[in-house]
Amino acid sequence: MKVRTRSSAIIGTLCLVASLALTTASADEPVSPGRTGTVALTALTTAQSPTAGAAGPDGTVWIAERAGTVRPLNDQGLGQPVLDVSDETTTDGERGLLGIAFDKEFTHFYISFTNLEGTSTVDEFAVQDGTIQPDTRRTVLTQTQPYSNHNGGDITFGPDGYLYIALGDGGSGGDPHGNGQNLDTLLGKLLRIDPKGGEPYAIPPDNPFVDDPNAKDEIWAYGLRNPWRFSFDAGTGDLLIGDVGQSDWEEIDWAPADSDGGENYGWSQMEGNHPFRGGTEPANHVPPVHEYDRTGLGCSVTGGYVYRGDEIPDLKGRYVFSDYCDGTLRTLQMESGKVTGVSDLGVNAGEVVSFVQGGDKELYVLASNGSIFRLDPA
Ligand SMILES: [Ca+2]
């Protein structure tokens, strides 16, 4: 999965070792007193390499499996596939079915996957009475990929009703083509489009670069390396992005709900708060709200959600995230875009691939071994 430059097999082994060795937080990590024992991980069921999920119709949670299937999770467990594009994608490198999203009305469903050529593809289906209508399928957006890694792939609708699409820098290592800072490519960006406003989509008129002939109109934010998972705070509308680092620094990026877009998160001049390979900090660099290094807390950040459910009062308003190589669930407490506390929830979900927010705003955790957990009160 979200590995960086070496082979999946090697990294997989490293990550497995790391996840075994690093299940406890390092002694110097700030842990709020009384914050351990807040949550329990309830194992619900097992999927085949789950990568992503979305709140679905009728209280379900739809789970994407990397090889190309989508299955609904309900009280009875994981149902039969409601969609299967497994003959259109592969799971080599960091490819596969990487993201799914519903619009607010549950009338359209979107999938984000790499096709057989490795091209990042976002397709749309109409949904009627909670059922995908296969004959309504159309391709919304594509982006060719120079390498098999750093595809990003997460998709979600923002509070503004527009579809946001995360794309990595194209891959290899160290951003060899300089895509992160190049506004003439969609790679290394967070995009914002209106899939219903045109064919195949419309550009929201207030996108930050619509008046810049040298920049792609779809771009909302840039300077991202592999924004594997991002989300909007269901309470405030703030944007939070987990951007996977290259060698040294994992980071969480942030923007307020009233942002006009155009944030430059720095890659590949910067990795976290640090110049990358002699890079120069851009004048407009928006530094991460949180970063951590590789000395004990992991190697590949998995962005999550601000908890807005009802079941775990102590968790309300805290951003829950993890790391693929570590698996400990951690939280950030934030005020006005500043982190005021970092906590270790004292539970570990293994190789954490993704978080999912249900319609009731409760959170689920997907692990690479297939486990699907729900966060419950301890
Ligand atoms: Ca950055």
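Start by selecting Asp175, which sits in the loop between strand 12 (163–167) and strand 13; strands here are DSSP runs of E, at least two residues long, and helices are runs of H or I, at least four residues long, each numbered from the N terminus. You're looking at a predicted model, where local features need pLDDT of at least 70, side-chain atom pairs count only at pLDDT 80 or more, and totals for chains, interfaces and linings use all residues. Residue numbers run from 1 along each chain as its sequence is written.

Stay on Asp175 and check its backbone: phi is near 55 degrees, a positive value in a residue other than glycine. Most residues other than glycine have a negative phi. Is Asp175 buried or exposed? Asp175 is buried, because 26 other C-beta atoms lie within 10 Å. The cut-offs are 20 or more other C-beta atoms within 10 Å for buried, 12 or fewer for exposed, and partly exposed in between, with C-beta atoms placed from the backbone.

Next, pick Asp129, in the loop between strand 9 (120–128) and strand 10 (131–143). Its phi is near 50 degrees, also positive in a residue other than glycine. Asp129 counts as exposed, since it has 8 C-beta neighbours inside 10 Å.

Now for the peptide bonds. Most are trans. Jump to Pro200, in the loop between strand 13 (189–193) and strand 14 (219–222), and look at the bond from Glu199 to Pro200: that one is cis, with omega near 5 degrees.

Last stop: Ser268, in the loop between strand 17 (250–255) and strand 18 (270–271). Show the Trp267 to Ser268 peptide bond, and you'll find it cis, with omega near 5 degrees.
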